[in-house]
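Student: I would like to learn how to read a structure of this kind. Please show it to me, and then we can go through some features.

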Amino acid sequence: MPWHNEWVNIIIYLVFAIYFWIELIMIMCENKNYDFANVEDFYFMFVGTIGICLSLTATVVYLTFYSMNEKS
């Protein structure tokens, strides 16, 4: 809800989560825009990016649903 206290935080986290999920797809496809010398560099980048993606997505879900009470 736009009048909710955490509305701006939810939108910012959601935008960054979508951005990093797109980056993760590009890393999985081994996109040449990254200009890595070794295939192992893609693996290291994948591990870091998946951690960021999961934490941002979990934060969005938490911020969206934590304020609900038992009645709703």
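Student: Which residues does leucine 63 touch, not counting residues up to four places away in sequence?

Tutor: First, the ground rules: this is a predicted model, where local features need pLDDT of at least 70, side-chain atom pairs count only at pLDDT 80 or more, and totals for chains, interfaces and linings use all residues. Residues are numbered from 1 along each chain as its sequence is written, and side-chain values use heavy atoms, with hydrogens and water left out. Contact means heavy atoms within 4.5 Å. With that exclusion in sequence, leucine 63 touches Glu6, Asn9, Ile10 and Tyr13. Glutamate 6 is 57 residues apart from leucine 63 along the chain, yet their C-alpha atoms are separated by 7.1 Å.

Student: Is leucine 63 buried or exposed?

Tutor: Buried means under 20% relative accessible area, exposed over 50%, and partly exposed in between (1.4 Å probe, protein chains only). Leucine 63 counts as buried because its relative accessibility is 11%.

Student: Where is leucine 63 placed?

Tutor: Helices are DSSP runs of H or I with at least four residues, numbered from the N terminus. Leucine 63 is in helix α2, residues 39-65. The buried residues of α2 are Phe42, Thr49, Cys53, Leu56, Val60 and Leu63, and they pack against α1.

Student: What span should α2 have?

Tutor: The expected span is 1.5 Å times one less than the number of residues. The 27 residues of α2 should therefore span 39 Å, and the end C-alpha atoms are 39 Å apart, which agrees.

Student: How many aromatic pairs are found in the whole structure?

Tutor: A pair of aromatic rings is described by the distance of the centres and the angle of the planes. Rings of Phe, Tyr and Trp (its six-membered ring) pair if their centres lie within 6.5 Å; planes under 30 degrees apart count as stacked, over 60 as edge-to-face and the rest as tilted. The search finds two pairs. Tyrosine 19 and phenylalanine 20 have ring centres 5.2 Å apart and planes at 75°, so this pair is edge-to-face. Tyrosine 62 and tyrosine 66 are stacked, at 5.1 Å centre to centre with 15° between the planes.

Student: Is tyrosine 62 buried or exposed?

Tutor: Tyrosine 62 is exposed, because its relative accessible area is 54%. Tyrosine 66 is partly exposed at 37%.

Key:
Helices (H or I, at least four residues) and strands (E, at least two) are DSSP runs, numbered from the N terminus.
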